[in-house]
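Please keep the sequence and the 3D view open while reading.

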Amino acid sequence: MNSNYDVLIIGGGVVGCAIARELSKYDVKAALVEKEADVSMGASCRNSGVCHAGFKYAPGSLRAIVDVKGNAMMDDLCRDLKVKMKRIGKLTVALNPEDEPGLHKLKERGDANGVPGLKVLNREEMQKIQPGVNGVAALHSPSSAIVSPYNLTIGLAENALANGVNFHLGQEVVAIEKKPEGGFVVRCKSGDAFETKVLINSAGLYAAHITDMLGISGFKIYPARGEYYILDKRLNGTVKCLIYPAQSKSAEHSGGGGAHLTPTVDGNILIGPTAQYLDDPEDYACTADVMAQLRREGQAILPAMRGTDFIRNFAGSRAKQTPPEVGGNADFIIEDRKDVKGFINLMGIESPGLTSSPAIAEMVAGMVKNHVALNPDPAFNPVRPGRVDFFEELSAEEKADLVAEDPDYGEIICRCEKITKREVLDAIRNPLGARTLVSIKYRGRASMGRCQGGFCVPRIVRLLRDEFGWKPEDFLERGKTSPMFVGNVRPKGGAA
Ligand SMILES: Cc1cc2nc3c(=O)[nH]c(=O)nc-3n(C[C@H](O)[C@H](O)[C@H](O)COP(=O)(O)OP(=O)(O)OC[C@H]3O[C@@H](n4cnc5c(N)ncnc54)[C@H](O)[C@@H]3O)c2cc1C
């Protein structure tokens with residue numbers, strides 16, 4: 001038996017980490033278990049990074065409530081965690097007059113949900129916000145924003161850790177026993193086990209596996225993959241706000257928003273996501289047909305796009321509760337189960353789960369209070385030191401001072417993103433102890449630029465070797481199933 005907790009969270013996505021951070025405000029023994037080598041390896045690193053305003057969801061639904069609240073909480077949260085966020089607003093565009101009544105319906109919904117500042121704009125008004133945009137009218141939502149989804153998740157986790165929550169990475173929950181006297185024994189694939197009074201299911205695409213382990217029937221998740229293209233920063237600034245088409249019939253069925261252009265906080269543009277139901281929740285393939293379709297659609301909206309601007313693709317899976325024949329979206333389930341005392345169950349947290357995560361966390365903490373005392377911890381510190389972006393944030397003088405103080409700021413490791421050796425070393429020495437190439441990339445942006453690691457990855461490998469004395473087989477791209485070096489290694493000075 002490893003440890004005994006008051007509260008154990010299964011799943012280190014943005015929702016699980018937001019819950020961990022919320023619980024870290026209290027004097028309670030809490031921990032989080034995550035099957036992957038780092039937090040933010042599921043849907044939380046594979047999405048559009050949009051902080052939705054909340055006008056799309058049915059008034060009174062849980063999705064509407066936690067989205068609008070989460071959106072409003074995001075400025076303070078991102079400031080405290082030193083996570084990049086920008087309130088750039090969104091235009092939902094009616095491409096032809098038939099789409100226009102839909103904009104007024106969306107506005108009515110949004111007003112009912114308490115979304116601030118919604119306005120239907122005519123063509124001239126919308127073109128003032130985004131010059132050159134096509135369409136006859138648009139709904140403008142100034143509270144729509146963009147945020148770095150993996151930075152937010154990592155920020156929440158690091159702040160929770162600093163405030164006393166334990167993180168057990170690389171621990172896949174495979175069985176759960178209910179103890180006769182109350183509480184749970186949670187068993188992991190590694191052989192380790194954790195005892196807890198309260199158990200929170202925040203396992204995203206695998207949430208129904210967790211309810212199955214407890215003998216709770218009736219849940220099923222239908223994964224729906226969304227594919228994306230990432231565009232080079234050359235086009236940074238061309239898309240000034242979020243631009244979505246007014247909901248098409250096919251997008252309504254898939255429960256996605258329809259393919260669109262989304263600027264990221266780091267200056268790239270995303271095209272996507274598409275929506276396709278699949279059996280495998282972790283089939284993240286990007287397919288030739290979809291990629292060609294995204295190129296076509298993207299270039300139709302933004303003709304300045306060149307073939308060389310497409311620098312990478314990725315995919316994420318939505319944890320849907322509705323099967324393909326039904327389509328659309330079901331409401332979030334967030335419940336303190338009466339039949340299994342101490343089990344808090346989160347199911348179907350698809351979009352807007354990123355936006356809603358801080359509000360969901362507050363709601364879950366309210367449920368935890370039904371089972372264990374949550375007394376505020378006076379030592380709680382909401383602020384995470386975070387990373388100084390050497391090139392973006394500092395003046396020439398500040399840069400020179402830092403280089404004089406620490407010469408590692410004077411050496412560039414990632415040329416495309418201008419990331420210094422000090423920033424990469426800080427990412428390598430992260431407090432959660434995550435050591436994969438992807439962990440380092442998400443923490444410091446090295447290898448995220450135009451050359452996608454061609455220049456910096458060998459240098460990062462060298463830094464990791466020097467830091468930990470690793471052998472080739474120790475280097476992992478994402479986790480245990482993605483070794484960076486396979487096959488025979490040539491002995492020093494010898495033949496292969
Ligand atoms: C294509 C796409 C676009 C989206 N766009 C947006 C958007 O723009 N704005 C927005 O608000 N939302 C968006 N979303 C939704 C958002 O990404 C999710 O709602 C959110 O990331 C869900 O977080 P989570 O923590 O519930 O799940 P996840 O991030 O999937 O985390 C669940 C974690 O549980 C772990 N886990 C699973 N099983 C086990 C086990 N047995 N033992 C231990 N750990 C386990 C997984 O490894 C995973 O890390 C989008 C989603 C997708 C797929």
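## Domains

The model is predicted. Its protein chain is divided into domain 1 (1-84 + 146-221 + 322-386), domain 2 (85-145 + 223-320) and domain 3 (390-474). Between the C-alpha centres of domain 1 and domain 2 there is a distance of 27 Å.

Where domain 1 meets domain 2, 39 residues of domain 1 are in contact with 39 residues of domain 2. On the side of domain 1 that touches domain 2, two or more residues come from each of strand 3 (50-51), helix 2 and strand 8 (145-147). Helix 2 gives the most to that side, with six residues. By class, the residues on the side of domain 1 that touches domain 2 are 20 nonpolar, 14 polar and five charged.

## The ligand shell

The ligand is surrounded by 40 residues, and the closest of them are Gly 11, Gly 13, Gly 42, Gly 204 and Gly 353. Helix 1, strand 2, strand 18 (310-320) and helix 9 are the elements that give two or more residues to this shell. In terms of class, the shell around the ligand has 15 nonpolar, 18 polar and seven charged residues.

Where does the ligand lie relative to domain 1 and domain 2? Both domains give residues to the shell around the ligand, so the ligand lies between them.

## Gly 11 and its surroundings

Gly 11, one of the closest residues to the ligand, sits in the loop between strand 1 and helix 1. Gly 11 counts as buried because 30 other C-beta atoms lie within 10 Å, and the cut-off for a buried residue is 20 or more.

Leaving aside residues up to four places away in sequence, Gly 11 touches Gly 16, Glu 34, Ser 202, Ala 203 and Gly 204. Gly 11 and Gly 204 are 193 residues apart along the chain, and their C-alpha atoms are separated by 7.3 Å. A contrasting pair is Thr 322 and Val 173: these are 149 residues apart along the chain, with 25 Å between their C-alpha atoms. Thr 322 is in the loop between strand 18 and strand 19 (333-336) and counts as partly exposed, with 18 C-beta neighbours inside 10 Å.

## Helix 1

Helix 1 (residues 14-23) is mostly covered, with ten of its ten residues buried. Among them are the charged residues Arg 21 and Glu 22, along with Val 14, Val 15, Cys 17 and Leu 23.

## Helix 2 against helix 9

How do helix 2 and helix 9 run relative to each other? The axes of helix 2 (residues 62-81) and helix 9 (residues 353-368) come within 6 Å and cross at roughly 100°. The two helices are therefore roughly perpendicular to each other, since angles from 65 to 115 degrees fall in that class.

At the contact, helix 2 supplies Val 66, Asp 67, Lys 69, Gly 70, Asn 71, Met 73 and Leu 77, while helix 9 supplies Thr 355, Ser 356, Ser 357, Pro 358, Ala 359, Ile 360 and Met 363. By class, this contact has seven nonpolar, five polar and two charged residues.

## Backbone details

Gly 272 and Pro 273 are joined by a cis peptide bond with omega near 0°. Pro 273 belongs to the loop between strand 16 (269-272) and strand 17 (276-277). The bond from Ser 351 to Pro 352 is also cis, with omega about 5°, and Pro 352 is in the loop between strand 20 and helix 9.

Lys 418 is not a glycine, yet its phi is positive, near 55°. This lysine is in the loop between strand 21 (412-414) and strand 22 (419-420). Arg 445, likewise not a glycine, has a positive phi of about 75° and is placed in the loop between helix 13 (437-444) and helix 14 (456-468). Which of these residues is buried, and which is partly exposed? Lys 418 counts as partly exposed, with 16 C-beta neighbours inside 10 Å, whereas Arg 445 is buried, with 23 other C-beta atoms within 10 Å.

Terms used: Residues numbered from 1 in each chain as written. Predicted model: local features only at pLDDT ≥ 70, side-chain atom pairs only at ≥ 80, totals over all residues. Axes fitted to C-alpha atoms, helices over the stretch in contact; angles between N-to-C directions. Helix = DSSP H or I, 4+ residues; strand = E, 2+ residues; numbered from the N terminus. Parallel < 35°, antiparallel > 145°, perpendicular 65-115°, else oblique. Contact = placed C-beta atoms within 7 Å. Domains from an automatic or database assignment. Buried ≥ 20, exposed ≤ 12 C-beta atoms within 10 Å, placed from the backbone. Near = placed C-beta within 6 Å.
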